[in-house]
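Hello,

Here is the structure we spoke about. Please look it over first; my notes follow below it.

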Amino acid sequence: MIPAPFSYHRPSALTDAIAILSEHGDDARVMAGGHSLIPMMKLRMADIPHLIDLQDIPNLSDISVEGSRVRMGAMVTQAQVITDQGLAHAAPLLKEAALQIADPQVRYMGTVGGNVANGDPANDMPGLMQCLDASFTLVGPNGTRAVNARAFYEAAYMTAREDEEVLTEISFDAHAAGYAYEKQKRKIGDYATAASAVLLSKDGGRCSSASIAMTNLSDTPIFSEAASTALIGTQLDDAAIKQAVSAALGDIDPTEDNRGPVAFKMHVAGVILTRAIQRAWSRA
Amino acid sequence: MTDKLHIKLTVNGQEEEFLAEPRELLIYTLRERLNITGPHIGCETSHCGACTITMDGKSVKACTVFIGQANGADVTTIEGMGSPDALHPLQSAFKEHHGLQCGYCTPGMITRAAKLLEENPSPTEEDIRFGMSGNLCRCTGYQNIVKSILAAAAEMNAAKEAAE
């Protein structure tokens, strides 16, 4: 499997990467770990005349927790997410999810930035970022801007990132809440049939805050405000959970593929979400 | 428009230098350019792990790395781990415990297992199954692969203790 020919760029400064993007527009793409992009290039489903490898750009692999704000460079790998102690403490939700992504070899190379910027609805990090209400930093020829994760995804592979922009950083608040990432997949390394990220806070036995997001159940990751609202103020009894699940199922729009027909995916989504809510509550 | 790249990398302790097209994948560099045929091509889609090597301290599937990404890297393949006269403890354990049937997945299995034991010298069976989940054996000989890695871990820990 040989990809079409391309020019390879490995700039050592972000400004150089942006200059190459500006020069070549749609003909250029940045690459982090390459574990989504290279397979697509090998299949010749992606034709990229100018490939820009970000590995030499400084500081993109840093993780920092300052106060309650967590910042991760776009080149932080899934393996780093699993082993970084500060991150595991500040946002254990991410570690629980990263352990369910791909396999060990892929996690050494696959990055958080690549996962969120790619726009593939099957990727896990976009849904997690909905749940965490994360912010993405985009740097382009006209400067730096922040885009909320919940406003970033427009359709499959379509995001708010402009062609000449690079997603450099992901930031979000550390979570004290009970958390869970539940993922149903056919085998290790597979994408989710359905996955759900849940954060729940408990105050006096009642749910005081809730954030519910879902992966691979629509052409974008889904943040379900209705499901979150359905849980707040309740004691998470069966009726409340059922109501939240029903609200969440109203927000998704899965399509039939080799993971099953729509009815099956709706069923699995309900089961997965129920489990995620229950586990998050047990940790709240 | 696709100028060749001037590549330098270290493979099994030996420095290599050559010109390559950017679309060359590391597995082809190893097998066809450098005649290092231990890493195998199985699925070629980053699922099976037969092409697993160690690159700059990471277990990596060499079928999913462009040669430009590996420029300057330090690569170890199964050839860099032991020799017929002095087998690596993992190689001895795979031989002893019948950790291979057809043997096609074995170089990737052993290269990955070496990194796993470096990070976790005393893994449980579950740790091994999870840590080896990126490597497939089409003979489905997983039972003995796990047994071999457990045995190698015990052997390596005993040797380390004896040396201290």
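**Contact between the chains**

In this predicted model, 25 residues of chain B are in contact with 22 residues of chain A. On chain B's side of that contact, strand β4 (residues 58–61) gives the most, with four residues. By class, the side of chain B that touches chain A has five nonpolar, 13 polar and seven charged residues.

**Domains of chain B**

Domain 1 of chain B puts 15 residues into the contact between the two, and domain 2 of chain B puts in 11 residues. On the domain 1 side, strand β3 (residues 52–55) of chain B gives the most, with three residues. That side of domain 1 divides into six nonpolar and nine polar residues, with no charged ones.

**A helix pair in chain B**

Helix α3 (residues 106–119) and helix α5 (residues 142–163) of chain B have axes that come within 11 Å and cross at roughly 45°. The two helices are therefore oblique to each other, and their crossing is right-handed.

Which residues meet there? From α3(B) they are B:Met109, B:Ala113 and B:Leu117, and from α5(B) they are B:Ile145, B:Ile149, B:Ala152, B:Ala153 and B:Met156. The residues of this contact comprise eight nonpolar, no polar and no charged.

Regards

Key. Residues are numbered from 1 along each chain as its sequence is written. Chains are lettered from A and ligands numbered from 1 in the order in which they are written. This is a predicted model: local features need pLDDT of at least 70, side-chain atom pairs count only at pLDDT 80 or more; totals for chains, interfaces and linings use all residues. Axes are lines fitted to C-alpha atoms, for helices over the stretch in contact, and angles run from 0 to 180 degrees between N-to-C directions. Angles under 35 degrees count as roughly parallel, over 145 as roughly antiparallel, 65 to 115 as roughly perpendicular and the rest as oblique. A crossing is left-handed if the near helix is turned anticlockwise from the far one by less than a right angle, and right-handed if clockwise. Two residues are in contact if their C-beta atoms, placed from the backbone, lie within 7 Å. Ala, Val, Leu, Ile, Met, Phe, Trp, Tyr, Cys and Pro count as nonpolar, Asp, Glu, Lys and Arg as charged, and the others, Gly among them, as polar.
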